[in-house]
Amino acid sequence: ESLKNVHIRGGRGGEILFMVDGMPVTHPLYGGRDVLNLNVQEVEQIELLTGAFSAEYGQAQSGVVNITTRSGGIAKTGSMEYKSDRIDLLGESFNNDYLSFNVGGPLSYVQNALKFVHIPLPGELFFFSSGNINLDDTRMNNGRSRELLFENLDIYQRQNNEMHLNTKVDWNITPKFKVTGSYSGSFKEWTNFDWMWILSPDNTAQYARNTIKYGIKVNHFISQNTFYNLNLGYLEVDYQASLDGKTDLP
C-alpha cells in the first residue's frame, strides 16, 4: 500500500510526503501513497524536494512531492481526450479506454446573477474543472464476469476502473487578497489476478477505494514585506474489500 518503486535519499516509499495545493494527501495509515491519482491535465507545476526542506514539511522523512493544480483565467478554455488500445493493430490489446476533459474560465455570469438579486460580489471569480475515467483489463486479465456500467452505451466494467473529478474556484477579492476553494475526488474499483482462483475467478475478492478532498486557501498580502497564508483541508479515504459485495469489511 505504498509507492515502493519511488525512493528518495534511500528512504522507503512510505516516507515521502505528497502535497497538493499545500495540503498533504498521503495515506493516513500507510503514509507515502498519493491517494488522489490526479489527472495530468490539471497539474500546473510539480516540485520535488530531496533534502534541506523547512519545518513546513515536518511530516516528510526522505522527500517531498509538492503539486500545484491549474486555475482558471480570463480566457475560456477546454479540451477533451480519448485513448484506447482496443484496435490492436500495433500490439496486444488490454481492453483499455481512457477519457479525460477539462474546462476553465471566468465566472462572470455568477457575479451578474448575484448582482441581479442585489448581492454584489467584489473582485473576480474564476474556475477550473477536470476529470477522467480509465477502464482497463490489465496485462493479467483474471476473466471475471463484468457488470454493466452504461446500459445505453453497452460499456462493461473492467478489471481496473478509475475515475477522478476536480474543481477549483478562485475568488480574487483584491489584487492582494485571494480565496481559493477546491474539491478532488478519486474513485477506484478493481479485482486482482490470482493463480489459485484461475478456474473460478468470480469467487475472488473485489476492492474499492474512494478518496475525497476539500480545501480552502486564503492568501493575503498586508504589505510588500508582510503576508500570511491560511490553508484548511479535509481528506477522507474509504477502503472496502468484499466477496460479491456481500461480506463488506468495516
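A polar contact is a pair of N or O atoms within 3.5 Å; within protein, one must be able to donate a hydrogen and the other to accept it. In the structure described here, which is a predicted model, such a contact of 3.5 Å joins the side chains of arginine 146 and aspartate 137. Arginine 146 is located in the loop that runs between strand S7 (124–136) and strand S8 (148–150). The side chain of arginine 146 also reaches the backbone oxygen of arginine 144, at 3.3 Å. When residues up to four places away in sequence are left out, arginine 146 touches Asp137, Asn141, Tyr156, Gln157, Arg158, Gln159 and Thr191.

Read from the N terminus, the order of elements is β-β-β-β-β-β-α-β-β-β-β-β-β-β. Along the principal axes, the C-alpha atoms fill a box of roughly 70 × 50 × 40 Å. Of the 250 residues in the protein, 36% are buried. Among contacts between residues at least 6 apart in sequence, 60% join residues at least 24 apart.

Seven strands form an open sheet with antiparallel pairing, in the order S5-S6-S7-S10-S11-S12-S13. Strand S5 (77–84) and S13 stand at the edges of this sheet; each has a single partner strand, so one side of each is left without a neighbour in the sheet. On average, and with direction ignored, neighbouring strands of the sheet are turned by 5 degrees against each other. Within the sheet, the antiparallel pairing of S12 and S13 extends over 16 bridges. Lysine 213 stands opposite leucine 235, a residue of S13.

A further open sheet contains four strands in the order S2-S1-S4-S3, and its pairing is mixed. Its edge strands are strand S2 (23–24) and strand S3 (43–49), each of which pairs on one side only. Strand S1 (residues 16–20) and strand S4 (residues 63–69) pair in the parallel sense, over five bridges. Valine 20 has isoleucine 67 in S4 as its bridge partner.

Aromatic side chains were examined next. A search of the whole structure finds seven aromatic pairs. One of them is formed by tyrosine 183 and tyrosine 214, with 5.5 Å centre to centre and 45 degrees between the planes, a tilted arrangement. This pair links distant parts of the chain, 31 residues apart: tyrosine 183 belongs to strand S11 (residues 177–191) and tyrosine 214 to strand S12 (residues 206–221). Tyrosine 183 counts as partly exposed because its relative accessibility is 24%, a value between the limits of 20% for buried and 50% for exposed. Tyrosine 214 is likewise partly exposed, at 42% relative accessibility.

Tyrosine 207 and tyrosine 239 form another aromatic pair, which is stacked: the centres are 6.5 Å apart and the angle between the planes is 25 degrees. Here too the pair links distant parts of the chain, with tyrosine 207 in strand S12 and tyrosine 239 in strand S13 (residues 227–242), 32 residues apart. The relative accessible area is 22% for tyrosine 207, so this residue is partly exposed. Tyrosine 239 is partly exposed as well, with a relative accessible area of 38%. Ring pairs also link Tyr183, Tyr214 and Tyr234 into a cluster.

Lysine side chains are placed over aromatic rings at the following positions. The charged end of lysine 83 sits over the ring of tyrosine 98, at 5.1 Å from the ring centre. Lysine 188 has its charged end over the ring of tryptophan 190, at 4.8 Å from the centre of that ring.

Positive phi angles were found at the following residues. Arginine 9, in the segment before S1, has a positive phi of about 55 degrees although it is not a glycine. Arginine 9 counts as exposed because its relative accessibility is 56%. Histidine 118 lies in the loop between helix H1 (108–116) and S7. Histidine 118, also not a glycine, has a positive phi of about 65 degrees. With a relative accessibility of 72%, histidine 118 counts as exposed.

Definitions and conventions
Residues numbered from 1 in each chain as written. Predicted model: local features only at pLDDT ≥ 70, side-chain atom pairs only at ≥ 80, totals over all residues. Heavy atoms only, no water. Phe/Tyr/Trp six-rings, centres within 6.5 Å; stacked < 30°, edge-to-face > 60°. Helix = DSSP H or I, 4+ residues; strand = E, 2+ residues; numbered from the N terminus. Buried < 20%, exposed > 50% of the residue type's maximum accessible area, 1.4 Å probe, protein only. Lys NZ or Arg CZ within 6 Å of the ring centre and 35° of its normal. Contact = heavy atoms within 4.5 Å. Pairing = 2+ DSSP bridges. Axes fitted to C-alpha atoms, helices over the stretch in contact; angles between N-to-C directions.
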